[in-house]
Amino acid sequence: MDSKLAAAASIDDYIAAQASAVQPILQRIRAIAREEAPQAEEAISYRMPALMQGGALLYFAAFNKHIGVYTPVRGDAALLRALAPYRGEKGNLSFPLTEAMPYALIRRVVRQRVKEMAAKAPGSRTK
């Protein structure tokens, strides 16, 4: 991993250290996450941008050939079917940079994660 990325102290730093072609993609994913989870706190965790809201809501990162999104999506069968082409062995999502970025699908992922995290929150009736 590039030493500039290892030293990123914020999501802004992380995005600025990426290739110029990837920066707008990361900014848009970040904006979607902020819109869907306005209470989430931004952090760098595992050397990746992360949003935390009662735990890890979402991680995202740029790689040479794809954008990785790390989040254990559960419970929404239609969403899981839509994610199937992008899912890795451990549930990570890999969106190829050679294809149009499925921002609407990423938005659905964040919405589902917000629901999941809310259901796990103390005092939630939907545990």
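Helices (H or I, at least four residues) and strands (E, at least two) were taken as DSSP runs and numbered from the N terminus. On this basis the chain contains five helices and five strands, in the order α-α-α-β-β-β-β-α-β-α from the N terminus on. The structure is a predicted model, in which local features need pLDDT of at least 70 and side-chain atom pairs count only at pLDDT 80 or more, while totals for chains, interfaces and linings use all residues. Residues are numbered from 1 along each chain as its sequence is written, and side-chain values use heavy atoms, with hydrogens and water left out.

Accessible areas were computed by the Shrake-Rupley method with a 1.4 Å probe; for residues, only the protein chains shown count as cover. The accessible surface of the chain is about 7,200 Å², and carbon and sulfur atoms account for 52% of this surface. Residues were classed as buried under 20% relative accessible area, exposed over 50%, and partly exposed in between (1.4 Å probe, protein chains only). Of the 127 residues in the chain, 42% are buried. With contact defined as heavy atoms within 4.5 Å, 50% of the contacts between residues at least 6 apart in sequence join residues at least 24 apart.

Helix 3 comprises residues 23–36. The buried residues of helix 3 are I25, L26, I29, R30, I32, A33 and E36. Seen down the helix axis, these buried residues fall within an arc of 160°, so they line one face of helix 3; the arc is that of the directions from the helix axis to the C-beta atoms. An α-helix has 3.6 residues a turn, so residues three or four places apart point the same way. The buried residues of helix 3 pack against helix 2 (11–16), strand 1 (41–45), strand 2 (48–52), strand 3 (56–62), strand 4 (66–70) and helix 5 (103–120).

R30 has a relative accessible area of 12% and is therefore buried. Apart from neighbours within four places in sequence, R30 contacts I11, D12, I15, E42 and F60. By contrast, Q39, in the loop between helix 3 and strand 1, is exposed, with a relative accessible area of 64%.

Two strands were taken to pair if DSSP finds at least two bridges between them. Strand 1 and strand 2 are antiparallel over five bridges, with S45 opposite M48. These two strands form a hairpin with two residues between them, and Y46 in the turn has a positive phi of about 55°. Strand 2 also pairs with strand 3 in the antiparallel sense, over three bridges; M52 has A56 as its bridge partner. Three residues separate strand 2 and strand 3 in this hairpin, where G54 in the turn has a positive phi of about 70°. Four of the five residues of strand 2 are buried.

A nonpolar core was defined as a set of buried Ala, Val, Leu, Ile, Met, Phe, Trp, Tyr and Cys residues joined through side-chain atoms within 4.5 Å. In the largest such core, of 37 residues, L26, F60, I67 and F95 touch the most other members. Helix 5 gives the most to this core, with seven residues. Not counting residues up to four places away in sequence, F95 touches K65, H66, I67, V69, Y86, M101, P102, L105 and I106.
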